[in-house]
Amino acid sequence: MFVLAIVYFTDMSTNGNVNLLKKVELLLEKIGLEKIIIRDKFVAVKLHFGEYGNLAFIRPQYIKVIVDQVKKFGGKPFLTDSNTLYRGHRSNAVDHLLNAYLNGFSYEVVGAPIVIADGFRGSDEMRIRIDKTYVKEAKIGSAIALADVLIAVTHFKGHEQTGFGGVLKNVGMGSASRAGKLEQHSESKPVVASEKCVACRMCERNCPVNAITVSKFAAINYDVCIGCGQCIAMCNYGAMVPKWDSSSEILSKKMAEYTYAVLKDKKSVFISFIMDISPDCDCWHTNRPPIAPDIGIAASTDPVALDQACIDLVVQSTGGDPFLKVHPKVTWKTQLEYAENLGLGSRQYELVKVACNLK
């Protein structure tokens with residue numbers, strides 16, 4: 001018997017009894033968080049801390065509600081994200097942590113420590129065998145891979161390469177190590193920006209297969225290189241760079257396969273904030289004006305249904321498809337269709353509205 005996925009949704013309305021923070025708590029109750037949390041086990045609260053200067057990230061006050069509920073049921077929560085492939089405020093654990101604190105995600109505010117999932121330089125990973133079409137062995141940040149429970153907290157927005165960024169991107173791309181991100185974004189191996197190379201030999205010393213030699217600048221032997229991305233992680237000067245040559249369709253499918261790897265044999269729930277719906281990824285240091293009004297917050301145990309529901313709510317609120325309008329060459333349906341085919345969830349769902357007129 002086919003059972004529809006349930007997506008719980010609450011809009012932005014409040015009253016004297018229930019504010020938005022309380023509504024997050026109500027959503028967690030509806031999706032049965034107490035049945036997901038395992039007493040004395042580690043709970044990874046996967047989110048995006050926001051690139052400094054981009055103000056569209058989820059406010060830390062919402063995260064505190066989630067942390068408090070996890071503690072209430074006996075779990076050990078920690079906030080986490082993995083380092084970025086590009087150079088920025090989140091490309092290593094030191095800058096990443098400073099960026100998170102600047103955006104308000106301190107222990108004093110949220111009540112939980114931050115653990116950068118793939119370590120100091122983005123190379124702390126676990127490999128999860130999945131044997132799918134594009135990814136055979138996913139490279140996942142160790143802290144996320146080793147967590148007992150995953151709560152994916154997602155800012156729903158547009159994305160220039162996948163059409164939209166929802167749960168699938170937050171989990172699939174956001175949980176990958178630097179090497180995992182390279183695998184998803186690129187069909188080729190790293191290249192040397194020789195004008196930036198200072199011949200420090202960090203890449204040469206840390207290449208696991210001795211594919212790099214340095215004289216005046218680094219050179220890669222592509223007959224030996226395995227495309228692990230370790231040189232990108234180790235270079236402090238941006239001289240080792242990925243080649244951004246994966247098509248949006250393949251990227252979306254790889255991202256779904258990485259989501260499959262993260263969620264494999266792991267208890268998980270998902271909550272998405274459909275507000276400040278910027279047209280582009282939160283990884284930019286600025287955010288353009290929103291392409292839809294603030295809509296609300298939704299939660300589910302089905303990541304595919306949740307992403308589909310968020311898309312539908314945005315389309316209904318605008319009377320069109322703002323994602324296609326701002327990124328006309330990207331088909332956002334690809335990631336949802338492929339994720340459904342992988343068995344990650346269903347695009348068919350029932351939207352259950354959670355009212356705020358509670359006593």
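Which residue caps the N-terminal end of helix 12? The views below, all taken from a predicted model, get to that and then look at the surroundings.

**View 1. The cap on helix 12.** Asp302 does the capping at the N-terminal end of helix 12. One of its side-chain oxygens sits 2.9 Å from the backbone nitrogen of Val304. At the other end, helix 12 is followed by Gly319, which has a positive phi, near 75°.

**View 2. Helix 12 along its length.** Helix 12 covers residues 303-318. Buried residues here include Pro303, Val304, Ala305 and Leu306, along with Cys310, Ile311, Leu313 and Val314.

**View 3. Strands 1 and 15, with helix 12 on the sheet.** Strand 1 (residues 5-11) and strand 15 (residues 296-300) run antiparallel and are joined by five bridges. Zoom in on Val7 and you'll find its bridge partner in strand 15, Ser300. Helix 12 packs on the sheet and touches strands 1, 14, 15 and 16, its direction making about 10° with that of strand 14.

View 4. Eight strands form an open sheet with mixed pairing, in the order 4-3-2-7-14-15-1-16. Strand 4 (114-116) and strand 16 (349-353) are at the edges; each has a single partner strand, so one side of each has no neighbour in the sheet. From one strand to the next, the twist averages 25°.

**View 5. Helix 3 across the strands.** Helix 3 (residues 60-72) lies across strands 2, 3, 7, 14 and 15. Relative to strand 3 (76-81), helix 3 runs at about 145°.

Definitions and conventions
Residues numbered from 1 in each chain as written. Predicted model: local features only at pLDDT ≥ 70, side-chain atom pairs only at ≥ 80, totals over all residues. Heavy atoms only, no water. Pairing = 2+ DSSP bridges. Helix = DSSP H or I, 4+ residues; strand = E, 2+ residues; numbered from the N terminus. Axes fitted to C-alpha atoms, helices over the stretch in contact; angles between N-to-C directions. Contact = heavy atoms within 4.5 Å. Buried < 20%, exposed > 50% of the residue type's maximum accessible area, 1.4 Å probe, protein only. Polar contact = N/O pair within 3.5 Å; in protein donor to acceptor, adjacent residues only side chain to side chain.
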